[in-house]
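Morning, everyone. Let me put the structure up, and then we'll go through it.

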Amino acid sequence: MTATLPVSVESEIFYPSADGQPVAETYDHLYALLTTLEVLKQYLANRQGTVLGNQFLYYAQGFPKLRVAPDVMVIFDVAPGGRDNYKIWEEGQVPTVIFEMTSFGTKGQDEIFKKTLYEQLGVKEYWLFDPKGEWVEQQLRGYRLRGDIYEPIQDGRSEPLQLRLVVEGRLIGFYREDTGEKLLIPDELVEALGQEVLARQQAEELVKQERQRAEQERQRAEQERQRAEQERQRAEQAELQIEQLKARLRSLNVDPDSIQ
């Protein structure tokens, strides 16, 4: 009789990483998603955690159909880096903050189903951003977990991220609470980098000009020193010649002082 090992049921379950659906409903939604993803990735680059965009979030082991795909989710206390999908039971951490780029067409799912699900999962903050302003008043709405219940965020702050959120056109602007500094979006980073390069070039040119002026001053000072030295040498030679002449006159018994 041949012995066999039991096969894990979990190992036979397939958890897809894509469903063939578009990443976002419109260009504005896609741009807001990608920009938020990149800004938060840069901000949290040195933290123990990850920022994922439009990856499946699996929340029930053994049930691959129980999943959602948050537009942007921030998870702390997990290994940095991307994933094809995120399984809560494998990672051991629930997302801390989730952003959904909502529209009138996804209003019901975002405001009812996902809000209820994230609340039950224990997601500390849930933000709805409406790039086109189709249904969310002032485009941005947030919920913060208090106990087991979501309460509307009234102060425009993300407590876990320590950021202040501001609507800027069809994007979310993020500002550090400790310094007030804005987290630059990729376009702004490119512009800032260009300005920094230009400022560095201008500074280097000023240093070069200052060095040239300093060298010119040094050369002028050296020329003045050389002229002064030449004048001193000529004066010494003239004095020597006078003394020699006086000595010659004395040798001829002529008093030099008598000569006018």
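This is a predicted model: local features need pLDDT of at least 70, side-chain atom pairs count only at pLDDT 80 or more; totals for chains, interfaces and linings use all residues.

Residues are numbered from 1 along each chain as its sequence is written, and side-chain values use heavy atoms, with hydrogens and water left out.

Start with Thr 102. It lies in the loop between strand E6 (97-101) and helix H3 (107-121). Helices (H or I, at least four residues) and strands (E, at least two) are DSSP runs, numbered from the N terminus. Is Thr 102 buried or exposed? Buried, because its relative accessibility is 0%. Buried means under 20% relative accessible area, exposed over 50%, partly exposed in between (1.4 Å probe, protein chains only).

Now the rings. Phe, Tyr and Trp (its six-membered ring) pair if their centres lie within 6.5 Å; planes under 30 degrees apart are stacked, over 60 edge-to-face, the rest tilted. How many aromatic pairs does that rule give? Ten. Tyr 15 and Trp 89 make a tilted one, 5.4 Å centre to centre, with 55° between the planes. They sit 74 residues apart. Tyr 15 is buried, because its relative accessibility is 7%. Trp 89, at 24%, therefore counts as partly exposed.

Last, charges over rings (NZ of Lys or CZ of Arg within 6 Å of the ring centre and within 35 degrees of the ring normal). Lys 115 lies over the face of Tyr 143, 4.8 Å from the ring centre. Arg 164 lies over Tyr 175, at 4.8 Å from the ring centre.
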